[in-house]
Amino acid sequence: METHNKSSHRQTLFMDSALGLVSTRSFPAIVGTADMMLKSAGVHLVGYEKIGGGHCTAIIRGGVADVRLAIESGEDTAKQFGQYVSSLVIPRPYPNLDVVLPITGRLSQIIQENSYSRLSNLAVGLVETKGFPAVVGAADAMLKAADVQLAAYEKIGAGLCTAIIRGSVANVAVAVEAGMYEAERIGELNAIMVIPRPLDELEKTLPVANCWIEERQPLNLPINIKEPITEAELVELPDLSQVPETVKETIIEE
């Protein structure tokens with residue numbers, strides 16, 4: 001009976017769901033837009049499509065009314081960031097569209113999994129720069145400014161790179177501010193974003209845990225010693241008070 005219900009739910013998602021897309025010119029902006037869409041309506045985040053030139057598209061699926069409401073919220077959010085490009089709602093896309101385009105990839109996984117992410121209690125911080133030196137400097141400044149961890153970085157073309165950090169809300173906010181100033185000092189800051197409590201679906205679509213460090217490990221450096229190190233022998237120096245004056249003069253002259 002349970003298998004039949006899952007199969008029926010899967011068929012409903014694929015056959016009766018609407019398709020929604022919102023495009024921005026920034027990775028932090030599209031993540032913030034996706035977060036708002038997930039929290040504003042009962043939709044599923046399929047993923048992102050990056051086509052170069054800094055253009056990113058968030059793809060959602062769900063009921064027609066939910067998708068329309070989510071896309072409306074996504075548009076407003078992207079416009080507030082000043083990064084909005086375009087949006088689209090397709091009520092019931094044809095199967096051929098689903099098969100060819102990357103718009104259904106995670107639907108089966110969403111149906112089958114209800115796992116809880118252990119990182120969901122950690123905020124997400126994103127700093128996007130134009131140029132790699134700026135993003136490296138921003139990442140270093142963020143790590144030194146607060147108790148956060150650098151989880152990953154994302155490239156979307158047009159020279160845009162995003163450093164992604166995790167930590168408590170307060171630490172992430174402090175770190176992002178420090179990263180922002182450092183990025184402006186080195187090069188060009190494009191966008192920033194702080195997401196206090198990301199939903200599990202957002203977690204599964206972001207490169208936020210591919211380099212997670214549970215605890216600091218000692219740094220092992222290769223050591224190549226050709227000759228064994230032995231203990232140094234102590235050499236007792238002569239007592240000059242017992243040395244004849246003629247010998248002292250000879251030692252001083254030498």
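Which residues have the most contacts inside the largest nonpolar core? Keep in mind that this is a predicted model, then select Phe27, Val31, Leu45, Tyr48, Ile60 and Leu202: those are the ones, in a core of 27 residues.

Next, colour by element. Strand E1 (18–24), H2, strand E2 (43–52), strand E3 (55–62), helix H3 (64–81), E5, E7 and E8 each give two or more residues to this core. H2 gives the most, with six residues.

Now centre on Tyr48. Leaving out residues up to four places away in sequence, Tyr48 touches Ile30, Val31, Ala34, Thr57, Ala58, Leu202, Thr205 and Leu206. Then move to a second, separate core: 15 residues, among them Ala138, Ala139, Cys161 and Ile165. As background, nonpolar side chains in soluble globular proteins tend to be buried together.

Time for the sheet. Show E6, E7, E5 and E8, which is also their order across an open, four-stranded antiparallel sheet. Strand E6 (149–155) and strand E8 (188–195) sit at the edges with a single partner strand each, so one side of each has no neighbour in the sheet. On average, neighbouring strands here are turned by 20° against each other, direction ignored.

Zoom in on strand E5 (residues 123–130), which pairs with E8 in the antiparallel sense over seven bridges. Pick Lys130 and you'll find Glu188 of E8 standing opposite.

Last stop: bring back helix H2 (residues 27–40), which packs on this sheet and touches E5, E6, strand E7 (160–167) and E8. The direction of H2 makes about 25° with that of E8.

Conventions:
Residues numbered from 1 in each chain as written. Predicted model: local features only at pLDDT ≥ 70, side-chain atom pairs only at ≥ 80, totals over all residues. Heavy atoms only, no water. Pairing = 2+ DSSP bridges. Axes fitted to C-alpha atoms, helices over the stretch in contact; angles between N-to-C directions. Contact = heavy atoms within 4.5 Å. Core = buried A, V, L, I, M, F, W, Y, C linked by side-chain atoms within 4.5 Å. Buried < 20%, exposed > 50% of the residue type's maximum accessible area, 1.4 Å probe, protein only.
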